[in-house]
Amino acid sequence: MVAAPTSSVVELTRGDFPILAQEVRPGVPLIYLDSAATSQKPGVVLEALDRYYRESNANVHRGIHAFSERATAAYEGARAKVRDFIHAASAQEIIFTRNTTESINLVAYAWGLSALRPGDEIVLTEMEHHSNIVPWQIVAERQGARVRYIPVTEDGLLNLDAYNQLLESGRVRLVGVVHVSNVLGTINPVAEIIRRAHAAGALALVDAAQSVPHMVVDVQALDADFFAFSGHKMVGPTGIGVLYGKRDVLDAMPPFLGGGSMISSVTLERTTYADLPQKFEAGTPAIAQAIGLGAAVDYLAGVGMEAIHQHESALVGYAMQQLSQIAGLKIFGPSADLRAGVVSFTMKGIHPHDVAQGLDSAGIAVRAGHHCAMPLHEKFGLPATVRASFYLYNTSGEVDHLVEALERVRALFAR
Ligand code: C6P
């Protein structure tokens, strides 16, 4: 029997998130267990957005006037905060995008369309989110390249022997791997995967959408060539994401989008491009959202990423132990020590959408469906799962409510 974990993280932070004091319906408080889809936002992030629009709003990198300089300083300040948060060497390696999806598409189109040749191979994994599958399928088809996949084992881990065999073809140009699965919660051994990719002469891209918000990451220690994540999953606003890329790799790539801000000079015949990071930031960027992300990074760093990770590990261990007591409930993925704060499950004889609806009537927000990972669900022979995902503001009491509500759903459908 695992005791309900207690944590100073949640005691310190819970009150910072105004939405968590909301009721779903009169008398039914919100229990938010869907942070893998998007996280809630603390007051400091909401205030940073509001303050920017009230006190500093202007376009960046354009005006000579004081407000443009103020907005530019805040926008570039946010970039520097992100650099420090993921331990990148230079702010020039931090490209602001809309989200993880756009970051990966940037690499697929800018790098893939210029570097891939017929017969080249891209290696991904069977546990990728669609955003790290579909762009590669599109680009591979155009270039005559091939996409291959590292298989997932029954217990939700990557088969690294099969990975070695894939690398033996000698044709692999890029390995793309999810750091933390949004379905299984599996924390993949990305440092080792990247080491093997480099030994085989391939670049390595990490989909870090579910890792950067929840644990300490160091892109230099991992030696990743590309690292993609979203602001909205890390207590920041929607509309802002990040692509980290090694400077020499980004320098060698052509731009993705063309337009204002990404140029050095333009004539009617040709264009020369700006240096990094502007080369990849065409048009007016998401200024307020970047500044909001800077505030989010400050907030997370203030709480401490190691403390957040510990809190979620304890919570997911407790949740798995409690959920496994429910008759007919099956959890997918590895043991708690190998996963982040995500638990996907099915309940015998009850459709996942019915489970989610039953939970919603108890004020509990979870996600049900394929979670944009259809190939992984297919692998497990499932159309859908129910997913509970945790963050720094969740409590063990909320896990208890989840378990009680699931017992009620089970009893209802047993009648
Ligand atoms: N997963 C989920 O409920 P965007 O939408 O671009 O911010 O993130 C895409 C993405 C990429 N990789 C992983 C591992 C992800 O989990 C996600 C987003 C959400 O699981 C929405 S589908």
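**Figure 1. Asp223 in its loop, from a predicted model.** Asp223 is located in the loop that runs between helix 8 (219-222) and strand 9 (226-230). The model shown in this and the following views is predicted. Asp223 is not a glycine, yet its phi is positive, at about 65°. Because its relative accessibility is 33%, Asp223 counts as partly exposed.

**Figure 2. His87, a non-glycine residue with a positive phi.** The phi of His87 is about 60°. His87 is placed in the loop between helix 3 (66-86) and strand 4 (94-97). With a relative accessibility of 34%, His87 counts as partly exposed.

**Figure 3. The cis peptide bond between Leu276 and Pro277.** Omega for the bond from Leu276 to Pro277 is near -5°, and the bond is cis. Pro277 belongs to the loop between strand 12 (271-273) and helix 10 (287-303).

**Figure 4. Asp34 and the residues in contact with it.** Asp34 sits in the loop between strand 3 (31-32) and helix 2 (43-56). Its relative accessible area is 13%, which is under the 20% limit, so Asp34 is buried. Apart from neighbours within four places in sequence, Asp34 is in contact with Ala365, Val366, Arg367, Arg387 and Ser389.

**Figure 5. An aromatic cluster of Phe17, Tyr299, Tyr391 and Tyr393.** These four residues form one cluster. The count of aromatic pairs comes to nine. In the pair of Tyr391 and Tyr393, the ring centres are 5.6 Å apart and the planes meet at 70°; the pair is edge-to-face because that angle is over 60 degrees. Both Tyr391 and Tyr393 are buried.

**Figure 6. Arg70 over the ring of Phe67.** Arg70 lies over the face of Phe67. The distance to the ring centre is 4.3 Å.

**Figure 7. Asp400 in helix 14.** Helix 14 comprises residues 396-414, and Asp400 is part of it. The relative accessibility of Asp400 is 25%, so this residue counts as partly exposed. Asp400 is in contact with Tyr318 and Gln322, when neighbours within four places in sequence are left aside. Asp400 and Ala319 are 81 residues apart in sequence, while their C-alpha atoms are 8.1 Å apart in space.

Key: Residues are numbered from 1 along each chain as its sequence is written. This is a predicted model: local features need pLDDT of at least 70, side-chain atom pairs count only at pLDDT 80 or more; totals for chains, interfaces and linings use all residues. Side-chain values use heavy atoms; hydrogens and water are left out. Helices (H or I, at least four residues) and strands (E, at least two) are DSSP runs, numbered from the N terminus. Buried means under 20% relative accessible area, exposed over 50%, partly exposed in between (1.4 Å probe, protein chains only). Contact means heavy atoms within 4.5 Å. Rings of Phe, Tyr and Trp (its six-membered ring) pair if their centres lie within 6.5 Å; planes under 30 degrees apart count as stacked, over 60 as edge-to-face and the rest as tilted. A charge sits over a ring if NZ of Lys or CZ of Arg is within 6 Å of the ring centre and within 35 degrees of the ring normal.
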